[in-house]
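Trainee: I have a new model open and would like to go through it with you. Could we begin with the strands and then move to the interior?

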Amino acid sequence: MARCKREILELFSGKIGDVVICQGKYGVYVRRLPQAPLLPATTAQRTQRRRFAACVLFYRSLKAAGLAEAWRTMSRQGKPEPQNGFIRRNLMRFTAGGEVADFDGLCLTEGGLDFPGGFRVAGRRGECLEAEWEPAEYPWRGAEEDRLRAVVMTGRGNYGLHLADTGGARRGDCRATIRFPPEGAEGGHLYLYFEAADGGDFSTSKHIEF
């Protein structure tokens with residue numbers, strides 16, 4: 001509480017914003033309104049906060065692995081800031097404990113390119129996986145020169161992201177041999193997506209468990 005001796009405040013009384021001006025025996029007093037006590041967070045709010053924290057940590061791993069360009073590209077196109085875009089798309093894919101709850105729904109990339117129809121795993125030989133997909137049908141968004149990219153995700157809670165070798169496969173090839181990195185050779189979650197030849201657009205990632 002403050003007491004003011006200047007005469008100008010004697011013209012005022014009552015509430016202004018979050019302060020109260022009142023007349024007293026020894027002058028004009030200015031008091032701040034008491035703040036309402038904060039209510040404790042609900043169970044649902046705590047769950048969402050934990051999911052949010054898990055999403056932020058995962059995006060940092062994505063960024064550290066050099067895989068955040070798709071979200072930066074969307075941001076340059078007027079979409080949310082990269083991290084916010086990733087969180088908005090993936091928040092509900094995480095549990096309150098920080099683990100991925102929906103691997104199929106988790107998007108490592110998102111963009112305007114189509115993912116080919118009829119994509120399937122044709123077989124696996126040691127550390128290599130054979131994949132095939134159907135030729136594109138018009139109209140479609142993409143080009144035959146779009147490059148196939150692959151990422152292996154390992155671990156639980158603290159996930160590791162490792163680039164896999166796609167042998168330079170392009171959309172128009174309709175098949176690829178994907179070689180797992182040493183960190184992911186034992187198995188995990190494989191995410192595939194296409195990147196435009198100029199790096200200016202991406203497809204939404206596709207999940208395969210192996």
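**Strands, helix and core**

Mentor: Strands E7 and E10 pair in the antiparallel sense over 7 bridges. Please keep in mind that this is a predicted model.

Trainee: Which residue in E10 does Arg149 stand opposite?

Mentor: Arg149 stands opposite Tyr193.

Trainee: What is the order of the strands in the open sheet?

Mentor: The open sheet has 4 strands in the order E8-E7-E10-E11, with antiparallel pairing. E8 and strand E11 (206–209) are the edge strands, each pairing on one side only. From one strand to the next, the twist averages 30°.

Trainee: How many bridges join E7 to E8?

Mentor: Strand E7, residues 147–154, is joined to E8 by 5 bridges, and the two run antiparallel. One of the pairs is Val152 with its bridge partner His162 in E8. E7 and E8 form a hairpin with 5 residues between them, and Gly155 in the turn has a positive phi of about 90°.

Trainee: Changing topic, how many residues does helix H1 have?

Mentor: Helix H1, residues 43–64, has 22 residues. From its first C-alpha to its last, H1 reaches 32 Å, close to the 32 Å expected at 1.5 Å a residue. Gly66 follows H1 and has a positive phi, near 75°.

Trainee: Which residues of H1 are buried, and what covers them?

Mentor: The buried residues in H1 are Arg51, Ala54, Cys55, Val56, Phe58, Tyr59 and Leu62. Their cover includes helix H2 (69–76), helix H3 (82–90), E7 and E8.

Trainee: Which residues have the most contacts inside the largest nonpolar core?

Mentor: Phe58, Leu62, Leu106 and Met153 have the most contacts inside this core, which has 26 residues. The elements giving two or more residues to the core are H1, H2, H3, E7 and strand E10 (189–195). H1 supplies the largest share, 6 residues. As a general point, nonpolar side chains tend to be buried together in soluble globular proteins.

Trainee: What is Met153 in contact with?

Mentor: Leaving aside neighbours within four places in sequence, the contacts of Met153 are Phe58, Val100, Phe103, Leu106, Tyr159, Gly160, Leu161, Gly188, His189 and Tyr191. There is also a second, separate core of 17 residues, which includes Trp133, Ala164, Ala176 and Leu190.

Trainee: His189 was among those contacts. Where is His189 placed, and is it buried or exposed?

Mentor: His189 is in strand E10. It is buried, with a relative accessible area of 12%.

Trainee: Which side chain does a polar contact join to that of His189?

Mentor: A polar contact of 2.8 Å joins the side chains of His189 and His207. Leaving aside neighbours within four places in sequence, the residues in contact with His189 include Phe103, Val151, Val152, Met153 and His207.

Conventions:
Residues are numbered from 1 along each chain as its sequence is written. This is a predicted model: local features need pLDDT of at least 70, side-chain atom pairs count only at pLDDT 80 or more; totals for chains, interfaces and linings use all residues. Side-chain values use heavy atoms; hydrogens and water are left out. Two strands pair if DSSP finds at least two bridges between them. The expected span of a helix is 1.5 Å times one less than its number of residues. Buried means under 20% relative accessible area, exposed over 50%, partly exposed in between (1.4 Å probe, protein chains only). Contact means heavy atoms within 4.5 Å. A nonpolar core is a set of buried Ala, Val, Leu, Ile, Met, Phe, Trp, Tyr and Cys residues joined through side-chain atoms within 4.5 Å. Axes are lines fitted to C-alpha atoms, for helices over the stretch in contact, and angles run from 0 to 180 degrees between N-to-C directions. A polar contact is a pair of N or O atoms within 3.5 Å; within protein, one must be able to donate a hydrogen and the other to accept it, and residues adjacent in sequence count only if both atoms are side-chain atoms.
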